[in-house]
Amino acid sequence: MNSGSNTLRLCKDGLWDDNPGLVQLLGLCPLLAVTTSLVNGLGLGLATLFVLTCSNALVSATRRFIHSEIRIPMYVLIIASLVTCIELIFQAYFPALDRSLGIFIPLIVTNCAIVARAEVFASRNAIMPSIVDGASMGVGFALLLCAIGAFRELVGQGSILARMDMFIGGEPLRGLVLADGGFLLAILPPGAFFSLALAVALKNALDQRRTRLGGAIALRQPG
Amino acid sequence: MPDDTRKRRQPAAWRSGVTLALLAAICTALVAITWRLTGPRIEANEKAYLTQSLRPALANVFYDNDLDESTLLVPAPHDLPGTDDAVIYRLYAENRPVGAVFVVSARDGYSGPIRLLIGIEYSGQVTGVQVLEHRETPGLGDRIESSKSDWLLQFAGASLDKPALNRWAIRRDGGDFDQLTGASVTPRAVVRAVKDTLVYFAANRDAVFAARGDDNAAVNEDQPADSQE
């Protein structure tokens with residue numbers, strides 16, 4: 001397999017075929033907890049993306065020094081430092097978003113999707129593929145957070161993009177208000193489970209449909 | 001050399017320790033650098049956030065003192081609403097007290113304490129109330145938030161004799177304050193907390209402002225506990 005198609009494969013895995021949220025079902029605690037609006041999903045998604053990419057890069061760079069006996073403490077050390085950095089960066093540049101996400105920024109440390117990528121991929125691969133893997137997994141996770149956040153915000157509050165000012169600054173924005181109030185269940189905790197279930201079901205339905213039509217189109221690359 | 005390989009596969013404990021220590025040092029350096037770079041900005045943000053978050057509770061009260069320097073921490077237990085520490089930001093204009101902002105908790109919300117910001121003029125009139133933190137039901141109790149409804153606006157201008165003390169309740173309980181459709185526990189808790197804070201302010205006003213310059217002096221200790229009517 002040449003490196004070009006390898007990179008493509010890694011991207012496709014992270015975004016779809018092996019998506020941390022949809023397929024591996026990892027990192028569900030933050031996923032379910034913060035996705036009450038698009039802006040929250042986007043914020044945590046970007047933070048996770050940053051930590052995942054950097055932790056993959058660092059773990060891969062230090063993989064020759066990591067003995068298997070102490071690998072977990074080393075991963076934890078790397079991930080915890082990165083999370084502390086991103087928390088400081090959020091406090092400095094997106095203070096409102098930091099307050100809105102609250103404890104879930106520090107809790108990125110416990111996102112098992114990150115340790116999983118360090119263990120499964122970064123500790124066995126060179127730096128570049130590890131960065132690609134981290135970035136694509138991170139983007140896949142962030143997109144899922146955004147999608148669920150947007151869905152819950154739309155159904156639960158009848159608006160979209162509310163409070164985007166937490167990202168871009170300025171006056172509080174109410175976003176695009178489509179209806180006054182909405183179906184409350186969507187922003188309550190059960191709505192998170194329903195939304196995730198719907199997302200997983202939709203993904204599986206799309207995959208099955210593709211497999212059925214698959215005779216005509218070659219979907220999976222050989223090897 | 002096979003001998004060498006075996007050694008590398010099973011490193012001595014001290015080597016693991018050194019590796020970990022080195023990595024810890026690198027990671028700490030990383031965090032320290034980030035902290036140095038972001039520190040001033042975070043501090044400025046916090047100051048701006050404090051000024052900005054007190055503003056809605058203050059209407060247009062003019063003050064010229066530095067909020068950080070006039071903060072009074074009232075450790076629990078105290079006569080203010082809530083079981084956790086309360087904070088009082090005292091406001092002065094040309095060294096004369098003009099009002100105060102109380103950070104207190106309404107205990108009896110629907111789920112957990114509701115952290116409130118209550119602005120009171122020196123005369124004892126409420127300038128505004130803001131919700132800082134709560135865990136009320138989204139869509140019901142959370143409409144006390146000023147970003148979701150105008151419910152909190154009705155406190156502006158209220159004082160202990162406007163409405164009369166026995167009318168300090170929501171309409172359902174025979175008082176003068178609106179409730180929220182579908183949620184009466186949350187408004188009831190907020191109304192009670194504002195009332196209790198006003199009662200405290202009326203009883204302890206001089207002590208609150210007298211403690212100037214001597215931060216964190218416990219106001220409660222040298223005061224008779226007479227805040228009950």
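How far apart should the ends of α7(A) be at 1.5 Å a residue, and how far apart are its end C-alpha atoms? Select α7(A), residues 127–157 of chain A, in this predicted model and check. Its 31 residues should span 45 Å, and the end C-alpha atoms are 43 Å apart, so the two values agree.

Keep that helix selected and colour it by burial. You will find that 24 of the 31 residues are buried, so α7(A) is largely enclosed by the rest of the structure.

Beyond its neighbours within four places in sequence, A:L145 is in contact with A:L31, A:T35, A:G41, A:L44 and A:G45.

Next, bring up the largest nonpolar core, which has 54 residues. A:L145 is among the members that touch the most others, along with A:A47, A:V51, A:I78, A:L82, A:I86 and A:A142. The largest share, 13 residues, belongs to α3(A). Apart from this core lies another, with 45 residues, including B:L91, B:V103, B:F177 and B:V199.

Last stop: the contact between the chains. Select 21 residues from chain A and 19 residues from chain B. On the chain A side, helix α4 (residues 71–93) supplies the largest share, 11 residues. By class, that side has 15 nonpolar, 5 polar and 1 charged residues.

Methods
Residues numbered from 1 in each chain as written. Chains lettered and ligands numbered in written order. Predicted model: local features only at pLDDT ≥ 70, side-chain atom pairs only at ≥ 80, totals over all residues. Contact = placed C-beta atoms within 7 Å. Helix = DSSP H or I, 4+ residues; strand = E, 2+ residues; numbered from the N terminus. Nonpolar A, V, L, I, M, F, W, Y, C, P; charged D, E, K, R; others polar. Core = buried A, V, L, I, M, F, W, Y, C linked by C-beta atoms within 7 Å. Buried ≥ 20, exposed ≤ 12 C-beta atoms within 10 Å, placed from the backbone. Expected span 1.5 Å × (residues − 1).
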